[in-house]
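Subject: Structure handover

Hi,

Here is the structure I promised to pass on. My notes on what turned up follow below it.

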Amino acid sequence: MIHIDRLERYWLIAVGIVFGGFTAALLASVFVFGIRLPSPVGRIDPAKIDQTEFATPGLTEEFDGNYTLRIVAKMWSYDLGKNVEKEGSIPVITVPTGSKVTIKATSKDITHGFYLEQHDVNVMMLPGQISQVEVKFDRPGKYHIICHEYCGPGHQGMIAAILVQ
Ligand code: CUA
């Protein structure tokens, strides 16, 4: 058996514990807490958005309590469809409590952001890319969608909201 110095052995054990801890945290985040990273699910030509599923953005009920929300970002607003309700200039989408919403997002022009208050949603909206993230709305309330990528002089006004009730 090879000889390992006492201090070296302690360090090896310490490294093993730290490494094991990180691995356990990573596995727990995936399998216990179900955390998924937002992912690009497809590509489109931003100049031809009108010929894609984003031609009619907004909320669609797919089946019982399961919705798809298509959002198109542009300077400097979120397009959530023609029939969306508005509070002032802020478009507001309403979903029932307990809904599961698949958000599909893209941009018409430049890079925008999509941050959803009090939910683990933080994605970039890139021209040419479809970003997708799933959200379960368990708590009633109004949650704002905020552009968190600086996109020009109207950036701070890029706001929408999801009303859960
Ligand atoms: Cu869009 Cu900042």
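First, a definition for what follows: helices (H or I, at least four residues) and strands (E, at least two) are DSSP runs, numbered from the N terminus. Two strands pair if DSSP finds at least two bridges between them.

This is a predicted model, in which local features need pLDDT of at least 70, side-chain atom pairs count only at pLDDT 80 or more, and totals for chains, interfaces and linings use all residues. Residues are numbered from 1 along each chain as its sequence is written.

**Overall layout**

Along the sequence the pattern reads α-β-β-β-β-β-β-β-β-β-β-β-β. The radius of gyration is 21 Å, well over the 15 Å that the globule rule gives for 165 residues, so the protein is more spread out than a compact globule. That radius is taken over C-alpha atoms, and the globule rule is 2.2 Å times the number of residues to the power 0.38. Along its principal axes, the C-alpha trace spans about 75 × 35 × 30 Å.

There are two domains: domain 1 (1-35) and domain 2 (39-164). Their bounds come from an automatic or database domain assignment. The domain centres, taken over C-alpha atoms, are separated by 40 Å.

Buried residues are 21% of the 165 in the protein. The cut-offs: a residue is buried if 20 or more other C-beta atoms lie within 10 Å of its own, exposed if 12 or fewer, and partly exposed in between, with C-beta atoms placed from the backbone. Two residues are in contact if their C-beta atoms, placed from the backbone, lie within 7 Å. Of the contacts with a separation of 6 or more, 62% join residues 24 or more positions apart.

**The helix**

Helix α1 covers residues 6-31. At 1.5 Å a residue, its 26 residues should span 38 Å, and the end C-alpha atoms are 37 Å apart, which agrees. The expected span is 1.5 Å times one less than the number of residues. The number of buried residues in α1 is zero, so the helix lies largely in the open.

**The core**

A nonpolar core here is a set of buried Ala, Val, Leu, Ile, Met, Phe, Trp, Tyr and Cys residues joined through C-beta atoms within 7 Å. The largest one has 26 residues, of which I71, Y78, A105 and I145 touch the most other members. Two or more residues come from each of β3 (66-74), β7 (99-107), β8 (112-116), β9 (121-125), β10 (129-137) and β12 (159-164). β3 gives the most, with four residues. Beyond its neighbours within four places in sequence, Y78 is in contact with I71, A73, P91, I145, M158 and A160.

**β8 and its partners**

Four of the five residues of β8 are buried, so this strand is largely enclosed by the rest of the structure. β8 and β9 run antiparallel and are joined by five bridges. F114 has V123 in β9 as its bridge partner. β8 also pairs with β11 in the antiparallel sense, over two bridges. There, Y115 is bridged to I146 of β11.

β11 spans residues 141-146 and includes G141. G141 has 12 C-beta neighbours inside 10 Å, so this residue counts as exposed. G141 and A24 are 117 residues apart in sequence, and 34 Å apart in space, C-alpha to C-alpha.

**Backbone points to check by eye**

Which residue takes a positive phi in the hairpin of β8 and β9? Q118 does, near 60°, in a hairpin with four residues between the strands. Q118 is not a glycine. With 9 C-beta neighbours inside 10 Å, Q118 counts as exposed.

E117 lies in the loop between β8 and β9. E117 has 13 C-beta neighbours inside 10 Å, so this residue counts as partly exposed. Leaving out residues up to four places away in sequence, E117 touches Y143 and H144. E117 and S107 are 10 residues apart in sequence and 20 Å apart in space, C-alpha to C-alpha.

The peptide bond from M75 to W76 is cis, with omega near -5°. W76 sits in the loop between β3 and β4 (77-79).

Best wishes
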